[in-house]
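Please walk through this model with the viewer open.

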Protein chains: 2
Amino acid sequence: MYCIVMAGGSGTRFWPKSREEKAKQFLNIYGKNSLIASTLARFHAFIKWKNIYVVGKQSQKELLEKHCSKIPKENILYEPVGKNTAPCIGLAALAIQKKDPEAIVVVSPADHLIQKQSRFQRVIETGVHLADKREGLVTIGICPDRPSTGYGYIQVDKKVESAGQADAYQIKTFAEKPNLATAKRFIECGDFYWNSGIFIFKVSVFLKQVRKLIPDLYKQLMEIKRHMQKPEYENKLKRVYQKIKNISIDYGIMEKAANVYMVRGDFTWNDLGSWEQVYKLGIGDKDGNVVQGKAVLLDTKNSYISSSKGLIAVLGLEDVVVVQDGSATLVCKRDKAEEVKNIVEKLKKNNLKKYL
Amino acid sequence: MYCIVMAGGSGTRFWPKSREEKAKQFLNIYGKNSLIASTLARFHAFIKWKNIYVVGKQSQKELLEKHCSKIPKENILYEPVGKNTAPCIGLAALAIQKKDPEAIVVVSPADHLIQKQSRFQRVIETGVHLADKREGLVTIGICPDRPSTGYGYIQVDKKVESAGQADAYQIKTFAEKPNLATAKRFIECGDFYWNSGIFIFKVSVFLKQVRKLIPDLYKQLMEIKRHMQKPEYENKLKRVYQKIKNISIDYGIMEKAANVYMVRGDFTWNDLGSWEQVYKLGIGDKDGNVVQGKAVLLDTKNSYISSSKGLIAVLGLEDVVVVQDGSATLVCKRDKAEEVKNIVEKLKKNNLKKYL
């Protein structure tokens, strides 16, 4: 059993804690360890370090090596530039296939928060069973607790019998991020799940599907494969990657392939999409304030305060997020937390690159 | 003609820009220079540097010497501990009387903002005339533009004829900081002015009144006088000051003396009592935001943003004050700006002294 952790995200939603050179997966937004370190530990509970692969950005090499110090260096693969999930998984699949043509892999984002490890393992085991016995492409669906417009949805079909300890279904359809009305309809319908971005399949099955459904990408991957472990590899990789089209595994493979399954993920899952979500995860004081670092609050309610070094004092405010990190401070209304990426856009436009 | 600039304030209202060791008068809250430097320059337009005296705190000696570099060092007098305005003026009066027993002094706080210099000079000249010809105790009153509860008020009586180019009045009564209803009544009444804290008198007249109205203080001042310019001076000063009672010139002298006058100050005056006042003085952008330093604002209105070093980003807020200075950041609702001193109190209580 193998694992591919996708760690190429840039994480503008957690500015100023996440910066261009320190993406969300390297932050310890929740708990003591960085999100990527927690993700690796979660898989190491049932997968050997030498079978865990990480795919990241060349520009974050130093951070990746630091946060993934337990896995062999050759298991950290670098993309010259991010081209979405299908090429990323393809690159890691090549490396794994070389070692073990019959490998089964679990693919996972590096920056999600997952709790309840035993449930998680049970879900993964069910997926592995489906991927192995039925040669299926398996995705993990999360039971939605609100009509979120921030996720893609999966509509399930018939339940798959005796697939393992977790519930598994055939998939009826995939739906892109919906608007609010559609999201509400999905929730009412009852057979829609959030797409977690966690996938399980045999590398051989995945690559077969790439050949069939994204033939250009398959050819490009094969070209890369021919140069692996050769001196010209990095140059070749760069040149090929420039031509690779940006395409997600959802759109490129899962939505079009036949033999797809969803396992119901009944563990606690949070993709930590904004400071608002981090606030909601925190344990508030009697006024509903969640505080990290040094702060003094007066007449302040339901707010998230995080200070990396200095002191933050808040007086007479409600429902705000205040995050200080290094040379930058963010002050924002909680219900605008999803728009923090617009601040990052404005920094770019205003030539304030040193704060990115 | 002489001048006494009172510079002993601690200025908790401008935290985190003002700290225990850097009071409001040393800040350049408005304009390029510190408030004390602007005050000195304002008087130097018609008073020689050698006749300008500053009274401050021993603990702020270094800052005082830096900001008052143009006046002789011996003109900076240090109180071991602040005991309100009457002892402060008394101490400076001793030093001035020694040089010139017939001196007329203008007494002024160090940390007010005054604009329209020629009007200011005309007002002072009228006061000097009254202090000289009528041996009066003169105060400057400010025409109120709102029913503020933050100032003491002066009710005037008959106008004094041909006292100078500015209007001058006999004083009917002094009123302490009123509640809102009383303040509104004062404004409607029309003959109430704000007490600016600027006074004019002969040192001899002032000391005569101290002898008559605060005899304990007079004795203590005379004891200090006997040891001036002697080796034991500092120790003696410390010991005497411990016993001196906290008393203002308003309460101790002005309210009780007979020969008191008020000159109408028609210059632009602002005691800069809070960040709210600084916001109102600023020139806002199209969204009503006043910004000092580096900031990025999105969907933000009518706010005051000041950054000393880093960058402040504000998203989706209205009517807030965000001030970053050194290791501390204040975020507060504009209409709570007067309560910033409560933050300072809480820092003391919570043993966060390094941020004071």
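This is a predicted model: local features need pLDDT of at least 70, side-chain atom pairs count only at pLDDT 80 or more; totals for chains, interfaces and linings use all residues.

A:Ile4 has A:Val107 as its bridge partner in β4(A). β1(A) and strand β4 (residues 104-109) run parallel, joined by 5 bridges. β1(A) also pairs with strand β2 (residues 52-57) of chain A, again in the parallel sense and over 5 bridges.

How many residues of strand β1 (residues 2-7) of chain A are buried? The count is 6 of 6. Both faces are covered. One side carries A:Tyr2, A:Ile4 and A:Met6. The other carries A:Cys3, A:Val5 and A:Ala7. Each of these residues is buried.

Move on to strand β6 (residues 137-142) of chain A, which holds A:Gly141. Is A:Gly141 buried or exposed? The cut-off for burial is under 20% relative accessible area. A:Gly141 has a relative accessibility of 0%, so it counts as buried. Beyond its neighbours within four places in sequence, A:Gly141 is in contact with A:Tyr193, A:Trp194, A:Met262, A:Val263, A:Arg264 and A:Gly265. A:Val160 is 19 residues away from A:Gly141 along the chain, and their C-alpha atoms are separated by 14 Å.

Next comes a helix, α5 of chain A, residues 180-189. A:Asn179 caps its N-terminal end. A side-chain oxygen of A:Asn179 lies 3.3 Å from the backbone nitrogen of A:Ala181. Just after α5(A) sits A:Gly190, with a positive phi of about 90 degrees.

Now turn to the interface. The size of an interface is often given as the accessible area lost when the parts come together. Chain B and chain A bury about 2800 Å² between them. Of that area, 70% is on carbon and sulfur atoms. In chain B, the residues that lose the most area to chain A are B:Leu311, B:Leu315 and B:Val331. Together they account for 24% of what that side buries. The contact draws 34 residues from chain B and 34 residues from chain A.

Polar links cross the interface too. Between chain B and chain A, 16 residue pairs are in polar contact. The interface also has 2 salt bridges. B:Lys336 forms a salt bridge with A:Asp299, and the closest N and O atoms are 2.7 Å apart.

Which elements of chain B build its side of the contact? β12 (290-298), β13 (304-315), β14 (320-325), β15 (328-333) and α11 (340-349) each supply at least two residues. The largest share, 7 residues, comes from β13(B). By class, the side of chain B that touches chain A has 21 nonpolar, 6 polar and 7 charged residues.

Strand pairing also crosses between the chains. Strand β15 (residues 328-333) of chain A pairs with β13(B) in the parallel sense, over 5 bridges. In β13(B), B:Val314 is the bridge partner of A:Val331.

B:Leu297 belongs to strand β12 of chain B. Its relative accessible area is 14%, so B:Leu297 is buried. Setting aside residues up to four places away in sequence, B:Leu297 touches B:Asn289, B:Val291, B:Ile305 and B:Val314, as well as A:Lys346 from the partner chain.

Note on methods: Residues are numbered from 1 along each chain as its sequence is written. Chains are lettered from A and ligands numbered from 1 in the order in which they are written. Side-chain values use heavy atoms; hydrogens and water are left out. A polar contact is a pair of N or O atoms within 3.5 Å; within protein, one must be able to donate a hydrogen and the other to accept it, and residues adjacent in sequence count only if both atoms are side-chain atoms. Helices (H or I, at least four residues) and strands (E, at least two) are DSSP runs, numbered from the N terminus. Contact means heavy atoms within 4.5 Å. Buried area is the accessible area (1.4 Å probe) that two parts lose on being put together, summed over both. A salt bridge is a side-chain nitrogen of Lys or Arg within 4 Å of a carboxyl oxygen of Asp or Glu. Ala, Val, Leu, Ile, Met, Phe, Trp, Tyr, Cys and Pro count as nonpolar, Asp, Glu, Lys and Arg as charged, and the others, Gly among them, as polar. Two strands pair if DSSP finds at least two bridges between them. Buried means under 20% relative accessible area, exposed over 50%, partly exposed in between (1.4 Å probe, protein chains only).
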